Amino acid sequence: MRLLLRAPHKALWALLLVSATASAATPEGGAAYALIVAHNGGLDRTQAPLRYADDDGARYHELLAPRVREAVLLSVLDAETQVLHPGLAAKTRPPTRAALKETLTRLNARMAEDRARGERPVLYFVFTGHGKRGAAGEGTVSLLDGPFTRTDLFEGVLAPSQASFVHLIVDACDSYYFVHSRGALPVGPAHTEAVKGLLATRELERYPQVGVVLSTSTEQESHEWSAIRSGVFSHLVRSALTGAADVNADGRVEYSELHAFVAAASQGAEDVRGRLAAFVRPPSLDRTASLADLGSRAAVGYLMVPTGTEGRLWVEDSRGLRVAEFHKERERSLVLALPTGRAYFLRRSGREAAFTFARAGAVVDGGGLAWRETALASRGAVQDALRDRLFSVPFGSRFYRGYVASLELPPVTPEEGPDLSP
């Protein structure tokens, strides 16, 4: 799908509606599935429980469920999260090793059937929660019944996967070490070759179909933000996947676009707790593979924010949850794909505009919304710093070109105007 954001508004609406309907049954690359694991608990007594890992899991489920054939959430939702997401707890299972293994086995069976039909299934594997780097340098994340190590990830998730592409998204402390290893091998010389052979199966290079999006490339904690009931990194990733990172307006969000979007959003954060050192690497099999295809399913509505609108804006739903945020360049239009079935508010500091989607596939023109004054409460020094400095840098083609030039990532195809020839 190409959104053609330079087309007149009415023409854009028609293009969106036709594209969404035509592509509803066929996501880009074939069938897609999502397995989301979210756990507030820590790996040991030195780690205080998180508050919003379960919220992030629930919100990743809401984002991905309309776009995939099956979305599974493994989590124990706390009382507040269950109130905000009624009915979701009944669909979840505890984040245990057994539940993870059983779910992967079932999804792999479905994906093997998809491949037999000639499809190219995609798996989103998302983890939000506590992470830790062990004494031997191996990264570990926390499940309800114990640790889940990098070895477990490669042997239990990546090696047996039937997916043509795997999008691995991890928001946890020391998340880099959950996917990568660094430093010398912690063994004597006599065992070095044997250990090297074993580790060779646990390196990302052996899995060219896997792309990774990690909250940190260093030994760094992940930060939660109470104002949005979310981890900061997960909030930025979800915002990008709604379409806010689609810099060339082709209806797809590639890894390089997400990487640049996260960098722009966190660049102004002076407080170290709000500053991100994300690690993003696309699948080496196809470095232009997309993380999101905005027209892949019709169970979403589209908010079009036209040229002329600029500055920091966010979309909040009727529950008070911030579902997308961005700092828009004036010259750039963008389209956000949002779940239907609830009311929304497009907000900026001191002002808001309400909107809803009449049906799946509907398009709302943000340029025609009625704005009104509103008052937003402050939440303290750290929250003020995040509120004021995150998304302080505009994101668009100018930032994207400069940022991607410094990375080993292929840039997206340049934005083109619509083909209006007969």
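This is a short talk on the fold of one protein, taken from a predicted model.

Some ground rules. Residues are numbered from 1 along each chain as its sequence is written, and because the model is predicted, local features need pLDDT of at least 70, side-chain atom pairs count only at pLDDT 80 or more, and totals for chains, interfaces and linings use all residues. Side-chain values use heavy atoms, with hydrogens and water left out.

I start with the whole protein. There are eleven helices and 21 strands. Helices (H or I, at least four residues) and strands (E, at least two) are DSSP runs, numbered from the N terminus. Of the 422 residues, 56% are buried. Buried means under 20% relative accessible area, exposed means over 50%, and partly exposed lies in between, with a 1.4 Å probe and protein chains only. The accessible surface is about 17,400 Å², and carbon and sulfur atoms hold 53% of that. Those areas come from the Shrake-Rupley method with a 1.4 Å probe, and for residues only the protein chains shown count as cover. Now take the contacts between residues at least 6 apart in sequence: 75% of them join residues at least 24 apart. Contact means heavy atoms within 4.5 Å.

Next, the sheets. Strands of a sheet pair through backbone hydrogen bonds, either parallel or antiparallel. Here two strands pair if DSSP finds at least two bridges between them.

Look at the open sheet of five strands. Its order is E16-E15-E18-E19-E21, with antiparallel pairing. Which are the edge strands? They are E16, residues 322-328, and E21, and each of them pairs on one side only. Inside the sheet, E18 (residues 344-348) pairs with E19 (residues 351-355) over five bridges, in the antiparallel sense. Two of the facing positions are Leu346 opposite Ala353 and Arg348 opposite Arg351. The hairpin of E18 and E19 has two residues between the strands, and in it Gly350 takes a positive phi near 85°. On to E21, residues 372-373: two bridges join this strand to E19, again antiparallel. There Glu352 stands opposite Arg372.

The other open sheet I want to show has three strands, in the order E17-E14-E20, and its pairing is mixed. Its edge strands are E17 (334-339) and E20 (363-365), each pairing on one side only. On average, neighbouring strands of this sheet are turned by 25° against each other, direction ignored. E14, residues 300-305, pairs with E20 in the parallel sense over three bridges. In that pair, Tyr302 stands opposite Val363.

E5 is residues 139-143, E6 is residues 146-149, and four bridges hold the antiparallel pair. Ser142 faces Pro147 in this pair.

Helix H5 covers residues 150-158, and seven of its nine residues are buried, so H5 is largely enclosed by the rest of the structure. Among the buried ones are Leu153, Phe154, Val157 and Leu158.

Now a helix pair. Two packed helices are described by the angle between their axes and the distance between the axes. The axes of H9 (residues 255-266) and H11 (residues 397-404) come within 10 Å and cross at roughly 105°. That makes H9 roughly perpendicular to H11. Axes are lines fitted to C-alpha atoms, for helices over the stretch in contact, and angles run from 0 to 180 degrees between N-to-C directions. Under 35 degrees counts as roughly parallel, over 145 as roughly antiparallel, 65 to 115 as roughly perpendicular, and the rest as oblique. From H9, Ser256, Glu257, His259, Ala260, Ala263 and Ala264 meet Phe399, Tyr400, Tyr403 and Val404 of H11. Those residues divide into seven nonpolar, two polar and one charged. Ala, Val, Leu, Ile, Met, Phe, Trp, Tyr, Cys and Pro count as nonpolar, Asp, Glu, Lys and Arg as charged, and the others, Gly among them, as polar.

Leu409 sits in the segment after H11. Is Leu409 buried or exposed? Leu409 is buried, at a relative accessible area of 10%. Leaving out residues up to four places away in sequence, Leu409 touches Ser256, His259, Pro282, Arg287 and Val404. Leu409 and Arg287 are 122 residues apart in sequence, yet 7.3 Å apart in space, C-alpha to C-alpha.

The other residue is His85, in the loop between H3 (79-84) and H4 (97-116). His85 is buried, with a relative accessible area of 3%.
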